[in-house]
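Take a look at the sequence and the fold, then follow the points below.

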Amino acid sequence: MRMRAFRPVLATALLAVGCVSTTTLRPLASTPTTPAGTPLAQEHGVRLVANGAAWKGSPSNLGRIVTPVEVRLENQSGRPLRVDPKDFTLVGTSRFEYAALTLPELSQENGSGVGGSGVAEPILVGRPPLWPGFGWGPWFDPFYDPFYGPYAYGYAPEPLPTEDMVKTALPQGTLQPGGAVTGFLYFQNVSEREGQVTLRARLVDARTGEQFGTLDIPFQVQG
């Protein structure tokens, strides 16, 4: 079941106190790669290259809150290709599907914008007593939320998304035949539940809305 739940303020606090491990995705030995060693998949004239350890921006420990993946799409399909975060998921061995979050979903609830002053108020981080569950796999956790961890008390120095996250995000729109686009997707954090995930991209014709293929790239979760 696909999950799309997030808590921007609490996520930022977790980033500050560091109670979730930093996550990177590494290619499996069996995964096809480019000559530079970056995992890839291709079908119907569309090539997807994905790097789960490419984030070098601010915040440097972004992988503690979300799972950033840099993707490159090359379109030789002869169709206009829709480019939208909702067409990407990380599918875990637990059978959960982790959504790629849009920039508005990552934003502070108060709309404080990009960047931040470095001044923040203390935030208590933890699970509420009655919060509906998110998804189920071999077992069901009624309190599961990928942005929740152990109770912690800390300061949130910078709201998400940061300026670097905005500048490097995968642009939404239409990729015409012969075109290519590169950018980051910010997935719900997978570190506490998964040992392996598969990046799945749905190929959708931007003109008709028809899905004409799926690309999968498996990764090992490290963090």
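Strands β5 and β12 pair in the antiparallel sense, with 9 bridges between them. Please keep in mind that this is a predicted model.

**Strand β5 and its partners**

- Within the pairing with β12, glutamate 74 has alanine 180 as its bridge partner.
- β5 also pairs with strand β4 (residues 46-51), again in the antiparallel sense, over 6 bridges.
- In that part of the model, valine 49 stands opposite arginine 72 of β5.

**Tyrosine 186**

- This residue sits in strand β12, which spans residues 180-188.
- Tyrosine 186 counts as buried because its relative accessible area is 2%, under the 20% cut-off.
- Its side chain reaches the backbone oxygen of methionine 165 at 2.8 Å, and it makes a polar contact with the side chain of threonine 168 at 3.2 Å.
- Leucine 62 is 124 residues away from tyrosine 186 along the chain, yet their C-alpha atoms are separated by 9.5 Å.

**Threonine 23**

- Threonine 23 lies in the loop between α1 (8-17) and β2 (24-27).
- With 2% relative accessibility, threonine 23 is buried.
- The side chains of threonine 23 and serine 191 make a polar contact (3.4 Å).
- Beyond its neighbours within four places in sequence, threonine 23 is in contact with several residues, including Gly63, Thr67, Asn189 and Val221.

Technical notes. Residues are numbered from 1 along each chain as its sequence is written. This is a predicted model: local features need pLDDT of at least 70, side-chain atom pairs count only at pLDDT 80 or more; totals for chains, interfaces and linings use all residues. Side-chain values use heavy atoms; hydrogens and water are left out. Helices (H or I, at least four residues) and strands (E, at least two) are DSSP runs, numbered from the N terminus. Buried means under 20% relative accessible area, exposed over 50%, partly exposed in between (1.4 Å probe, protein chains only). A polar contact is a pair of N or O atoms within 3.5 Å; within protein, one must be able to donate a hydrogen and the other to accept it, and residues adjacent in sequence count only if both atoms are side-chain atoms. Contact means heavy atoms within 4.5 Å. Two strands pair if DSSP finds at least two bridges between them.
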